[in-house]
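The stops below say what to select.

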Amino acid sequence: MTTSELFSLRGKRALITGAGQGIGLTLARGLAGAGADLVINDIDAARLESAVAQLRGEGATVEGRRFDVTQAAEIEGALADIAGEIDVLINNAGIHRRAPLESMPLETWRAVIDTNLTSAFLVTRAVVPGMLRRGGGKIINICSLNAEISRPTIANYSAAKGGLKMLTRAMAVEWGGRNVQANAISPGYMRTDLTGTLTIDPVFDRAICARTPAGRWGEPHELIGAAVFLASRASDFVNGQILVVDGGLLSAL
Ligand SMILES: NC(=O)c1ccc[n+]([C@@H]2O[C@H](COP(=O)([O-])OP(=O)(O)OC[C@H]3O[C@@H](n4cnc5c(N)ncnc54)[C@H](O)[C@@H]3O)[C@@H](O)[C@H]2O)c1
């Protein structure tokens, strides 16, 4: 097999959640560039429609499926006809709801745990039986540096991403014997809408640039290499790993 065949996603169908914008949309574009057909999801119908149009305009084969990743019945209904035919699943949908832990409302805690952690269980549960039946598949969970280190006001997010990290390893153990690999990508601080309030805060911006050996924020396209690797045959013996793409931040004090 040539190196380009090893990394090719031709003939593969990839489902990416929360792909109406940001990292999910960029990863969808990256996987299409490696030859994958796409099914993209978002909770926001207008955003989803615009992402589908953009990707089609760039030559991708893509369809959109709107559903809320926290709702089992919605997920199963929206994917009923294709759940058995997904080769690559990227559990990307995620939210932040920042609040001091001592006064965090229960619904704020639950919203973040449901959207960032329980969602990966629910969407994977809908899709993995088809992978197991067809003899293989790839699951990529989008974790975060906050699965390793935290800061005030994001206890819900850190707990969710830490849980997602261990869910990734549990999936790897559960299905590794049946040729389904589950790995995670942990992005560092990337410029997207999710981090918009932080990128425009000069104090936070300075702190991130000083702490990151690369000296800057990451851009979503810098995650494409990791995603194509983990979606392709190039990673067939890689399972249960958390690939940190952070400009070196986690190695620095
Ligand atoms: N941006 C960063 O620096 C960064 C760093 C580490 C991890 N991440 C993770 O990467 C992922 C994507 O982040 P982003 O920065 O692109 O965020 P974003 O807010 O730009 O995009 C997230 C998308 O998910 C969708 N979404 C939210 N809730 C949903 C639901 N219940 N069902 C379906 N779709 C839903 C949103 O509508 C949105 O289009 C998240 O899991 C986030 O935690 C981001």
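Predicted model: local features only at pLDDT ≥ 70, side-chain atom pairs only at ≥ 80, totals over all residues.

Residues are numbered from 1 along each chain as its sequence is written, and side-chain values use heavy atoms, with hydrogens and water left out.

Select A14, which lies in strand β1, residues 13-16 (strands are DSSP runs of E, at least two residues, and helices runs of H or I, at least four, numbered from the N terminus). A14 is buried, with a relative accessible area of 1% (buried means under 20%, with a 1.4 Å probe and protein chains only). Beyond its neighbours within four places in sequence, A14 contacts L31, A36, D37, L38, V39 and V88 (contact means heavy atoms within 4.5 Å).

Next select helix α2, residues 22-33, and helix α9, residues 224-231. Their axes are 9 Å apart and at an angle of about 55 degrees (axes are lines fitted to C-alpha atoms over the stretch in contact, and angles run from 0 to 180 degrees between N-to-C directions). Show T26, L27, G30 and L31 of α2, which meet I224, A227 and V228 of α9.

Finally, select α5, residues 106-134. This helix of 29 residues spans 41 Å from first C-alpha to last, close to the 42 Å expected at 1.5 Å a residue (1.5 Å times one less than the number of residues). Move on to G135, which follows α5 and has a positive phi, near 90 degrees.

Definitions and conventions: Buried < 20%, exposed > 50% of the residue type's maximum accessible area, 1.4 Å probe, protein only.
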